[in-house]
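Trainee: I would like to learn how to read the features of a protein model. Please take me through them one at a time.

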Amino acid sequence: MKKANVLIVDDSRSALFAVKALLNHADIHTVTASDALQGQEALKKEQFDLVITDVDMPNLNGLDFCKWIKSNPETAHIPVIVLSSLDTDIDIENGFRVGADAYVPKRLANKELIPHIESVMDKCTFVKDKTILVVEDSKTIQMVTKQGLEDAGFKVVLADDGQHALDIIDDVAPDILLTDLNMPRVDGNELCRRLFNTDKYEFLPIVVMSSLGDKSMMRRLIRDGVAAFIVKPFNVDMLVVTMEKLLSDHFQRMLEERERLIHEQKLTIGFIASLVNVLEARDKYTSGHSEAVTRFAIAIGRELGFKDQDMNRLQIAASLHDIGKIGIRDNVLLKPGKLTMDEFKHIQTHTVIIQNILKPLPGMEDVLVAASSHHERWDGTGYPNGLKGEDIPLFGRIIAVADVFHALTGDRPYRDGMSSEKALQVISDGVGSHFCPTVAAAFFRYIKTLKYPEQ
């Protein structure tokens, strides 16, 4: 759990000590106050991530203290957990009524307090800075909705109708959209239809506000993908709960999808590694070639400032760039002499074979295209598609430099490998014709960091 700064408010010294010890054991920093008035002063002086308060205290009771926290614009975003010996259903209901985020009976503190803290903090961290685009033509409903959502920690952007929402949605990049149905220009029904038909917003959670008279339209929109309906007039607290649940469910689905993709990627990489081993077992001269090309490609990607996701995709593309040679005949692949024209055309097909072999793998389209383009040339004279300049995928341009450098410096059946210095000169001479100038420059920057150029 992320280390948090928590204010504990209780008039019982033994209770303060026990809660402080429990939280400190969980590596949570704590500040204590002996009553709610001291708690108010502490909140004015210091930033806290969470407040834990008793109920039955002199001067100002915990429920009024909680109400003060939630009504104060400077502290309204701070979650509050009520920790009390008063734990009847009515007591707990009263706690939630004044805005408490959780209510824990003191008798269960050792077992339940830390899990409640984790849950509340995770929820607040998740909600914080999430953006809701509210599409509503009524200024009154706009203001009420905006105030309630902002008090709950959301960022809110307002649009006066569906057309206004469409005009600003790309800049806003909302995490959820809340829209009325009956509006001028583009109404909520049309807005939903357009967003559902846009790949970028296909999975954006949409909540529709409407009256009970729109039941048939509600059923159709839910069938089309609307996540929830809020019936007017609505309670702002229930609106907040709906938004939090939708975002939480959406976030959970994203995590599950991410885990699934990571698992698939691991299986894919394992499959690729097996294919590489099969390929390189055929030819002792190319043993370790894919590994070396991948190492150089990653170094170039790092020089170009690639993020982790792009680096992972580049690694896969570089690892499989020669997999298509599995489909090349041995008498051509291992021929010690010069290739005939027909043999050269046959070996060129390895850039197409790779796509046929790996096309069934999900989510690999961009990687396959990149891996199959490493023999394209900057001036358009390469193969298989004669792509030119920046039409060549960036990954393909990177792999081209890495591939040529390692191929030139390695032994082949028909020649000995050349020195690193000579290979670098060949690449330098090919900048602007064979190689992308930006990629080549990044490769040379990397090489300069090495004491001895790698091979």
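**Rings, charges and a helix face**

Mentor: Start with a charge over a ring: the charged end of Arg295 sits over the ring of Phe296, 5.5 Å from the ring's centre. The term applies if NZ of Lys or CZ of Arg is within 6 Å of the ring centre and within 35 degrees of the ring normal.

Trainee: What should I know about the model itself before we go on?

Mentor: This is a predicted model, where local features need pLDDT of at least 70 and side-chain atom pairs count only at pLDDT 80 or more, while totals for chains, interfaces and linings use all residues. Residues are numbered from 1 along each chain as its sequence is written, and side-chain values use heavy atoms, with hydrogens and water left out.

Trainee: How many aromatic pairs does the structure hold?

Mentor: First, the rule. Rings of Phe, Tyr and Trp (its six-membered ring) pair if their centres lie within 6.5 Å; planes under 30 degrees apart count as stacked, over 60 as edge-to-face and the rest as tilted. The structure holds seven such pairs. Take Phe296 and Phe443: the ring centres are 6.0 Å apart and the planes stand at 85 degrees, so the pair is edge-to-face.

Trainee: Where in the chain do Phe296 and Phe443 lie?

Mentor: Helices (H or I, at least four residues) and strands (E, at least two) are DSSP runs, numbered from the N terminus. Phe296 lies in helix 11 (residues 289–303) and Phe443 in helix 19 (residues 437–448), so the pair ties together parts that are 147 residues apart in sequence.

Trainee: Is Phe296 buried or exposed?

Mentor: Buried means under 20% relative accessible area, exposed over 50%, and partly exposed in between (1.4 Å probe, protein chains only). Phe296 has a relative accessible area of 0%, so Phe296 is buried. Phe443 is buried too, at 0%.

Trainee: What about Phe306 and Phe395?

Mentor: Their ring centres are 5.9 Å apart and their planes are at 45 degrees, so this pair is tilted. Phe306 lies in the loop between helix 11 and helix 12 (308–319), and Phe395 in helix 17 (residues 394–409), so the pair ties together parts 89 residues apart in sequence. Phe306 is buried at 17%, and Phe395 is buried at 12%.

Trainee: Which residues do ring pairs link into a cluster?

Mentor: Phe296, Phe405, Phe443, Phe444 and Tyr446.

Trainee: Now helices. Which residues of helix 7 are buried?

Mentor: Look for a pattern around the axis. Helix 7 (residues 162–172) has the buried residues Gly162, Ala165, Ile168, Ile169 and Val172. Seen down the axis, they fall within an arc of 135 degrees, so they line one face of helix 7. The arc is that of the directions from the helix axis to the C-beta atoms. The face turned away from the buried side carries the exposed residues Asp167 and Asp171.

Trainee: What covers the buried residues of helix 7?

Mentor: Look for contacts, meaning heavy atoms within 4.5 Å. The cover includes strand 6 (131–135), strand 7 (155–159), strand 8 (176–180) and helix 8 (188–196).

Trainee: What follows helix 7?

Mentor: Ala173, whose phi is positive, near 50 degrees.

Trainee: Next, charges. How many salt bridges does the structure hold?

Mentor: A salt bridge is a side-chain nitrogen of Lys or Arg within 4 Å of a carboxyl oxygen of Asp or Glu. The structure holds twelve. In one of them, the side chains of Lys106 and Asp10 meet at 2.8 Å, N to O. Lys106 lies in the loop between strand 5 (102–105) and helix 5, and Asp10 in the loop between strand 1 (5–9) and helix 1 (13–25), so the pair ties together parts 96 residues apart in sequence. Lys106 is partly exposed at 24%, whereas Asp10 is buried at 4%.

Trainee: Which residues are linked with Lys106 in a network of salt bridges?

Mentor: Asp10 and Asp54. Lys106 bridges to Asp54 with the closest N and O atoms 3.7 Å apart. Asp54 is buried, at 5% relative accessibility.

Trainee: How far apart are the closest N and O atoms of Asp87 and Arg107?

Mentor: They are 2.7 Å apart, in a salt bridge. Asp87 is partly exposed at 23%, while Arg107 is exposed at 63%.
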